Amino acid sequence: MKSITIKNESCWGPAEALYENGFTINYTDGEKEAVIFDLSTDECSKLIPKDGFEELWNKLLEINFQKVLLENEPYQGCDGAYSIVEINVGLQSLTLSLWCPDLNLYKDPNFSESLKFLKVVQEIIDFAASHDVAVGFEFYED
């Protein structure tokens, strides 16, 4: 099974004020449909076509995650919003957290892989929204 979870955690002010929303998409290679879970509600999952998602999954696999990790090392804060992307393949997983993601901040040539990563993540967010999952966040860009 393969899955991706994209969620946004916001913490402004007191530590108790933590807000989280997002979604998870799961799929298995042999199946025709994927399953999407809306993390901001207690609703059950629903089946969606796998076709469009497989293309996005393949784009995601082209990302150099090690480079994204190294690019973001100096860019961290104590409060604000974090976009968290969890990628799972079988029992293996990778989690990347990006602080206050703003596409304009990643246009610096030193953050080229992070910008590529955020654009693919935004495409996956748009895909979820096209299947009536109210994601409730997007990356900023002027």
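Biologist: Why is Q92 called exposed in this model?

Modeller: The model is a predicted one. In it, Q92 has a relative accessible area of 60%; the label "exposed" requires over 50%, and Q92 therefore qualifies. The residue lies in strand β6.

Biologist: What makes L91 exposed or buried?

Modeller: L91 has 87% relative accessibility. The cut-off for exposed is over 50%, so L91 counts as exposed. L91 belongs to the loop between β5 (80-89) and β6 (92-99).

Biologist: How is the protein chain built, and how much of it is buried?

Modeller: It has 3 helices and 6 strands, in the order β-β-β-β-α-α-β-β-α from the N terminus on. Of its 142 residues, 44% are buried. The chain exposes about 8100 Å², of which carbon and sulfur atoms supply 52%. As for contacts between residues at least 6 apart in sequence, 55% join residues at least 24 apart.

Biologist: Which residues stand out in the largest nonpolar core, and which elements supply it?

Modeller: This core has 34 residues, and I4, F23, I25, F117 and I124 touch the most other members. At least two residues each come from β1 (2-11), β2 (18-27), β3 (33-38), α1 (51-61), α2 (65-72), β5, β6 and α3 (112-130). Helix α3 contributes the largest share, 9 residues. With residues up to four places away in sequence set aside, I124 touches I4, I6, F23, I25, F53, L56 and L60.

Biologist: Why are F53 and W57 called buried?

Modeller: The label requires under 20% relative accessible area. F53 is at 0% and therefore counts as buried; W57, with 2%, is buried as well.

Biologist: What makes the ring pair of F53 and F127 tilted?

Modeller: The ring centres are 5.9 Å apart, and a pair requires centres within 6.5 Å. The planes stand at 35°; stacked would need under 30 degrees and edge-to-face over 60, so the pair is tilted. F53 sits in helix α1 and F127 in helix α3, and the pair therefore ties together parts that are 74 residues apart in sequence. Both F53 and F127 are buried.

Biologist: How many aromatic pairs are there, and how is the pair of F53 and W57 classed?

Modeller: The count is 5 aromatic pairs. For F53 and W57 the centres are 6.2 Å apart and the planes stand at 50°, so this pair is tilted. The two residues are 4 apart in helix α1, a separation of about one helical turn. Y27, F53, W57 and F127 form one aromatic cluster.

Biologist: What puts the buried residues of α2 on one side?

Modeller: The residues concerned are F65, V68, E71 and N72. Their arc around the axis is only 120°, so they share the same side of α2. Q66, L69 and L70 are exposed on the other side.

Biologist: How do you know whether S114 is buried or exposed, and what does it contact?

Modeller: S114 has a relative accessible area of 0%; buried means under 20%, so S114 is buried. S114 has its place in helix α3. Apart from neighbours within four places in sequence, S114 is in contact with V68, E71, N72 and Y106. The C-alpha atoms of S114 and V68 are 5.0 Å apart, although the residues are 46 apart in sequence.

Key: Residues are numbered from 1 along each chain as its sequence is written. This is a predicted model: local features need pLDDT of at least 70, side-chain atom pairs count only at pLDDT 80 or more; totals for chains, interfaces and linings use all residues. Side-chain values use heavy atoms; hydrogens and water are left out. Buried means under 20% relative accessible area, exposed over 50%, partly exposed in between (1.4 Å probe, protein chains only). A nonpolar core is a set of buried Ala, Val, Leu, Ile, Met, Phe, Trp, Tyr and Cys residues joined through side-chain atoms within 4.5 Å. Contact means heavy atoms within 4.5 Å. Rings of Phe, Tyr and Trp (its six-membered ring) pair if their centres lie within 6.5 Å; planes under 30 degrees apart count as stacked, over 60 as edge-to-face and the rest as tilted. The arc is that of the directions from the helix axis to the C-beta atoms. Accessible areas come from the Shrake-Rupley method with a 1.4 Å probe; for residues, only the protein chains shown count as cover.
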